[in-house]
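Please keep the sequence and the model in view while reading.

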Amino acid sequence: MPSFPQYLTAEQENELRRIANAIVAPGKGILAADESTGTIGKRFASIGVENTEENRRCYRELLFTADASVAENISGVILFHETFYQKTKDGTPFVKILKDKGIISGIKVDKGVVPLAGTDGESTTQGLDSLSERCAQYKKDGADFAKWRCVLKIGAHTPTYQAMFENGNVLARYASICQQNGLVPIVEPEVLCDGDHDLETAQKVTEQVLAFTYKALADHHVFLEGTLLKPNMVTAGQSCPKKYTAEQNGKATVVALSRGVPAAVPGITFLSGGQSEEDSTLNLNAINNAPGPKPWALTFSFGRALQASVLKAWQGKKENVKAAQEQLLVRAKANGLAAMGKFQGGQSGKASGESLFVANHSY
Amino acid sequence: RVNMPVFPQYLTPKQEEELRNIANAIVAPGKGILAADESTGSIGKRFAPINVENSEENRRRYRDLLFSTDKSLAENISGVIMFHETFYQKTKDGTPFTKVLQDKGIIPGIKVDKGVVPLAGTEDECTTQGLDGLSERCAQYKKDGAQFAKWRCVLKIQQYTPSYQAMLENANVLARYASICQQNGLVPIVEPEVLPDGEHDLETAQKVTEQVLAFTYKALADHHVYLEGTLLKPNMVTAGMSCTKKFSKEDNARATILALSRTVPPAVPGVTFLSGGQSEEDATQNLNLINAIKGPKPWALTFSFGRALQASVLKVWEGKDENVAKAQAELITRAKANGLAAVGKYQGGLDSAAGGQSLFVAQHAY
């Protein structure tokens, strides 16, 4: 008979499965606080805060020292490498602060997008070199999950077979290496919302990308029950003249996922992309209320959509920390409700209606 | 102009709705398929043990027996797959079989493949032919009463098989078949059977089934097949027939659900298992456990049984008119048992004339 060399032991499978399920526990989702140095600078610029290591440390301390009740809705936090090793003013590692609240630490392990020569602006993502050793170290130092972002763009002739195949493959290699080192890989094949394409096109492209992704994961023997998916919600392009409701987006999203994501995947943690805080929550809620087969948890892994009001309230000032933390709790609760399809709307924050779209968002 | 890729229309919303309705009707709770599509050669092998001559009239008489069973059969049989010859046969009084079935509320289906052919350069691997003129044939079958079709591909577990080539080729031909069916209003039942021949263990059977299904669904995606308007007819996951280690039915059920949950998108409305060489009772018990155990199962899990619905029927019939009523009673018994199994409520022990007999035919091919 054919040979299937062991990929993971039963014990390793159990551990990964336990972590993945904990992350997508009912009413909970992820705070994506893994902005790279460059990216967090853009956030700070909008509130006039200088992009220094201390300010970055200060800001993440604000987030992680929010009241313990934040753990009712935040199961995990994704961190950038620098942040992962930072500490509070009194010297407690952030990872410990989170752990003491019952929040799981995750680490962004990719090293950004690089161009695919010969394509119309398409990219792959680098970061595989010595990834195994890095993962082992992060695991030792308290991480239980990782994240890697690939980017696909909708254009007249994109995404191409090459880009979908390459990104599917690099995600599978990353996932395999993570699992070998006890980290649950969050697989993120983001289809950007840039463009004027309609909802149906966004749905079809998302279906294609997911088909390539899960075929690659299958080919690389990735243990699906110990992974999570971080996809885009299906929405029309930012510049599409036709407008769609949250309900339409929710339906299109569930259809795409039901066609592309095996039931063995425990949960789907949506990215918010350029959506405002309120839209992200409304769309997540609509997704949970859309009809259709939905055997996975449907929750959030939001960056901008959890932090926009926080940043606005903070303004870089110490005296605003409590108020800023309050904003985080409000958004976390709202999204926790949306993750169960129970969001009633109107939990507004200082920036809740503002679009957070950054064109061609890359690291 | 708008800067986006083009996705030419595959089906209209009306076509999608029709296919979806047919597929859902086939896998309605407590119902499954009677696979009565044995080719002329295959039915001969069923007739031989009961000493019935393989004549056209006997084939007609036998299917007449099946389809004229009391209409309560339709409580558990949603559809019947037929071979081309049978599809156009009639009862003694001249009523087409398709009409007899429709009048009972049973959906007629048609086997459209033309059998396996070898893949040169492989270790006895094969693909399935039948694409030539398939669109025209499907259109005609649809006109004449068919609502679904079936196409069987075969993969084998040996030391170096199934090969990448065989998995890719069979998945691709299944996707082409599915696409053509849907264009003609027929729900395609996609059957990538991994044969139970061999000494491989349960884990190997599970991993191979996962691989084969991954190739299958990637091909269906690439060919734009509308999953909500398809059904899957896979093997249950079991160790090879000659495996020295024995596994429990619970082990088999768990392995089956694992394999499916890792590969079959939730959009697929139902999985209609083939029975392969299993005895009637084993097939029913295995189906029951598949439904009873825990796990992500967003699709209906039911049956599309040939041998496992007909073994007792044939044994009791023996080709004699005076045995028809008794033979039909056997069919109702097995249909009811499998209908219960399809909702995880089979209590076991519904006795049949051939209940425990293995129905394994080595290297089963048409």
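This is a predicted model: local features need pLDDT of at least 70, side-chain atom pairs count only at pLDDT 80 or more; totals for chains, interfaces and linings use all residues.

Which residues are buried in helix 11 of chain B? They are Arg307(B), Ala308(B), Leu309(B), Gln310(B), Ala311(B), Ser312(B), Val313(B), Leu314(B), Val316(B) and Trp317(B). The helix, which runs over residues 307-317, is therefore described as mostly covered, with 10 of its 11 residues buried under the cut-off of 20% relative accessible area. Just after helix 11 of chain B comes Glu318(B), which takes a positive phi of about 55°.

**A covered strand in chain A**

Strand 3 of chain A, residues 104-108, is likewise mostly covered, since 5 of its 5 residues are buried. In a regular strand the side chains alternate between the two faces of the sheet. In strand 3 of chain A both faces are covered, with Ile104(A), Gly106(A) and Lys108(A) buried on one side and Ser105(A) and Ile107(A) buried on the other. Strand 3 of chain A pairs in the parallel sense with strand 2 (residues 74-79) of chain A over 4 bridges, and Ser105(A) is the bridge partner of Val77(A). Strand 3 of chain A also pairs in the parallel sense with strand 6 (residues 143-152) of chain A, again over 4 bridges, and there Ile107(A) stands opposite Ala146(A).

**Where the two chains meet**

Chain A and chain B bury about 2600 Å² between them, and 67% of this area is on carbon and sulfur atoms. Met1(A), Phe4(A) and Arg259(A) supply 25% of the area that chain A buries against chain B, more than any other three residues. The contact takes 32 residues from chain A and 34 residues from chain B. Across the interface of chain A and chain B there are 2 salt bridges, and one of them joins the side chains of Glu228(B) and Arg259(A). Helix 8 (199-219) and helix 9 (246-260) of chain A each supply at least two residues of the side of chain A that touches chain B, and helix 8 of chain A gives the most to that side, with 8 residues.

Thr213(A) has its place in helix 8 of chain A, and at 1% relative accessibility Thr213(A) counts as buried. Leaving aside neighbours within four places in sequence, Thr213(A) is in contact with Gly168(A), Val187(A) and Pro189(A).

**Salt bridges**

Over all chains, a search of the whole structure finds 43 salt bridges.

| Pair | N to O distance |
|---|---|
| Arg60(A) and Glu35(A) | 3.1 Å |
| Glu247(A) and Lys251(A) | 3.5 Å |
| Glu278(A) and Arg331(A) | 3.4 Å |
| Glu228(B) and Arg259(A) | 2.8 Å |

Arg60(A) lies in helix 3 (residues 53-64) of chain A and Glu35(A) in the loop between strand 1 (29-33) and helix 2 (37-45) of chain A, so this pair ties together parts that are 25 residues apart in sequence. Both Arg60(A) and Glu35(A) are buried.

Glu247(A) and Lys251(A), by contrast, are 4 residues apart in helix 9 of chain A, and so they are separated by about one helical turn. Glu247(A) is exposed, with a relative accessible area of 55%, whereas Lys251(A) is partly exposed, with a relative accessible area of 38%.

Glu278(A) and Arg331(A) form a salt bridge of 3.4 Å, N to O. That pair links distant parts of the chain, with Glu278(A) in helix 10 (residues 277-289) of chain A and Arg331(A) in helix 12 (residues 321-338) of chain A, 53 residues apart. Both Glu278(A) and Arg331(A) are buried. Elsewhere, salt bridges that share partners join Asp34(A), Lys108(A), Lys147(A), Arg149(A), Glu188(A) and Glu190(A) into one network.

**A tyrosine in chain B**

Tyr10(B) lies in the segment before helix 1 (13-26) of chain B, and at 16% relative accessibility Tyr10(B) counts as buried. Not counting residues up to four places away in sequence, Tyr10(B) touches several residues, among them Ala178(B), His223(B) and Tyr226(B). The side chain of Tyr10(B) also makes a polar contact of 2.7 Å with the side chain of Gln182(B).

Key
Residues are numbered from 1 along each chain as its sequence is written. Chains are lettered from A and ligands numbered from 1 in the order in which they are written. Side-chain values use heavy atoms; hydrogens and water are left out. Buried means under 20% relative accessible area, exposed over 50%, partly exposed in between (1.4 Å probe, protein chains only). Two strands pair if DSSP finds at least two bridges between them. Contact means heavy atoms within 4.5 Å. Buried area is the accessible area (1.4 Å probe) that two parts lose on being put together, summed over both. A salt bridge is a side-chain nitrogen of Lys or Arg within 4 Å of a carboxyl oxygen of Asp or Glu. A polar contact is a pair of N or O atoms within 3.5 Å; within protein, one must be able to donate a hydrogen and the other to accept it, and residues adjacent in sequence count only if both atoms are side-chain atoms.
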